[in-house]
Structures are given as C-alpha cells and as structure tokens.
Amino acid sequence: MNDEEFWRYARQRAHSLPELSSHAEYIECKLRSGTCLIALRDLVEVLPSSHRLGRLPDMPAWMGGILAWRGETIAIVNLDLYLLSTPALSQTADGMLLITRSASHTCGLLVPALGLTTTIEDEEIAARTTSADLAFADNTGIVAGIYADIPILNISVLLTTLAQQIGTATDHG
C-alpha cells in the first residue's frame with residue numbers, strides 16, 4: 001500500500017460510522033424470590049454485603065439503610081424485599097452489594113447471591129410480559145425485557161422509582 005492508498009483508506013475509515021453493538025453482558029442476581037438479570041454496564045462496583053449500614057427512622061421495610069461510598073451517601077435497598085414487597089422475607093447481611101448507577105441516581109442493591117454473567121444479543125430479548133413471575137414489576141417499567149424466562153431489570157427506571165419512593169417516605173414519614 002502506497003502513501004496515497006493509505007491516506008484514502010484513513011479518510012474512509014475516519015468518515016465511516018462506528019458499528020453499534022447489538023449485544024450486552026448481564027449478571028444473574030439470585031434472589032430468594034427468583035432470578036433476574038442486570039446489565040453489567042449499570043454496575044459500578046460489586047462488594048460483599050458485610051458493610052455496616054446506617055439506619056434511619058421510618059425507612060421503608062425494603063430499605064436496608066444508607067452507606068458512605070466514595071464520598072457520597074447512598075441508599076441501600078434489599079432487592080428481594082423491594083421487588084415483591086414481601087414482609088415475610090427478613091433483612092439479611094449475607095450476599096452481595098451491587099453499586100448501580102443511572103444518569104441521575106446511585107444506589108446499592110443487596111442480593112443474596114450472584115450467578116454467572118452472560119452475553120445476550122438484542123434480538124434474543126423478548127418484550128416484557130405480564131406473567132405471574134413478573135408481578136413485582138407490573139405497571140412500573142422495571143422489567144426491560146425477558147431472556148430465557150428471566151426478567152432483565154431496567155436499572156434507570158428502578159433507581160428513579162426508588163428515589164421517588166424514598167423521597168415520598170421521607171416527606172410523609
């Protein structure tokens with residue numbers, strides 16, 4: 001390849017559009033109430049849940065507490081308790097703490113265990129359904145889609161909903 005061919009090729013490459021990824025990687029969250037998937041792009045950090053949480057008066061039952069994380073105070077939510085609103089499930093210190101972030105919110109999600117990560121092609125994700133297994137997410141948009149009968153959580157919607165509910169609980173104590 002001579003200089004002229006090289007520069008022609010370089011100009012073509014510079015003006016071409018980058019290929020958009022048609023897949024993403026997800027991690028299984030093994031909840032007592034079932035399994036769900038969270039996109040790895042929504043995770044900032046994964047920690048053991050052995051951190052000591054600050055408790056606040058009149059917290060919702062599904063809120064584990066607050067935690068100082070990298071210079072900011074974040075809410076910690078027990079994902080099992082939140083998704084199913086099941087008071088029979090007790091708060092647990094076992095498991096993993098997933099630090100998740102959306103454009104406007106950061107939150108910690110307590111999960112009993114994590115499973116494998118998997119790469120999923122966009123076309124393999126089915127539209128959200130209203131099956132009984134997904135009753136926890138009815139009318140909220142928390143489920144972005146379904147892969148192999150496992151709900152994929154929409155972290156942006158989940159964190160926005162959590163922030164609103166925590167704000168409401170604070171306002172109405």
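Is Cys-36 buried or exposed? Cys-36 is buried, at a relative accessible area of 1%. For that word I use under 20% relative accessible area as buried, over 50% as exposed, and partly exposed in between, with a 1.4 Å probe and protein chains only.

Before I go on, a word on the model, everyone. This is a predicted model, where local features need pLDDT of at least 70, side-chain atom pairs count only at pLDDT 80 or more, and totals for chains, interfaces and linings use all residues. Residues are numbered from 1 along each chain as its sequence is written, and side-chain values use heavy atoms, with hydrogens and water left out.

Back to the cysteines. A disulfide here is a pair of cysteine sulfur atoms within 2.5 Å, and by this rule the count is zero. Cys-36 is in no disulfide: the nearest cysteine sulfur belongs to Cys-29 and is 4.5 Å away. Cys-107 is buried too, with a relative accessible area of 5%.

Now let's go inside. By nonpolar core I mean a set of buried Ala, Val, Leu, Ile, Met, Phe, Trp, Tyr and Cys residues joined through side-chain atoms within 4.5 Å. The largest such core has 26 residues, and those with the most contacts inside it are Ile-38, Leu-79, Leu-109, Leu-153, Leu-158 and Leu-162. At least two residues each come from β1 (23–31), β2 (34–39), β5 (72–78), α2 (79–84), β7 (106–111) and α3 (155–172). Helices (H or I, at least four residues) and strands (E, at least two) are DSSP runs, numbered from the N terminus. Helix α3 gives the largest share of this core, five residues. Apart from it lies another core, of eight residues, including Leu-67, Ile-76, Ile-99 and Leu-110.

How many aromatic pairs does the structure hold? There is one. Rings of Phe, Tyr and Trp (its six-membered ring) pair if their centres lie within 6.5 Å; planes under 30 degrees apart are stacked, over 60 edge-to-face, and the rest tilted. The rings of Trp-62 and Tyr-82 have centres 4.9 Å apart and planes at 80°, so this pair is edge-to-face. The pair links distant parts of the chain, 20 residues apart: Trp-62 sits in the loop between β3 (43–48) and β4, and Tyr-82 in helix α2. Both Trp-62 and Tyr-82 are buried.

Let's move to the outside. Ala-68 belongs to strand β4 (residues 63–69) and is exposed, with a relative accessible area of 68%. Between Ala-68 and His-51 there are 9.8 Å in space, C-alpha to C-alpha, for 17 residues in sequence.

At the other end of my list is helix α1 (residues 3–15), where you will find Tyr-9. Tyr-9 is partly exposed, at 43% relative accessible area.

Last, the backbone. Most residues other than glycine have a negative phi. Which phi value does Arg-70 have? Phi of Arg-70 is near 50°, a positive value in a residue other than glycine. Arg-70 lies in the loop between β4 and β5 and counts as exposed at 64% relative accessibility. Asp-149 is not a glycine either, yet has a positive phi of about 65°. You will find Asp-149 in the loop between β9 (143–147) and β10 (150–153), exposed with a relative accessible area of 73%.
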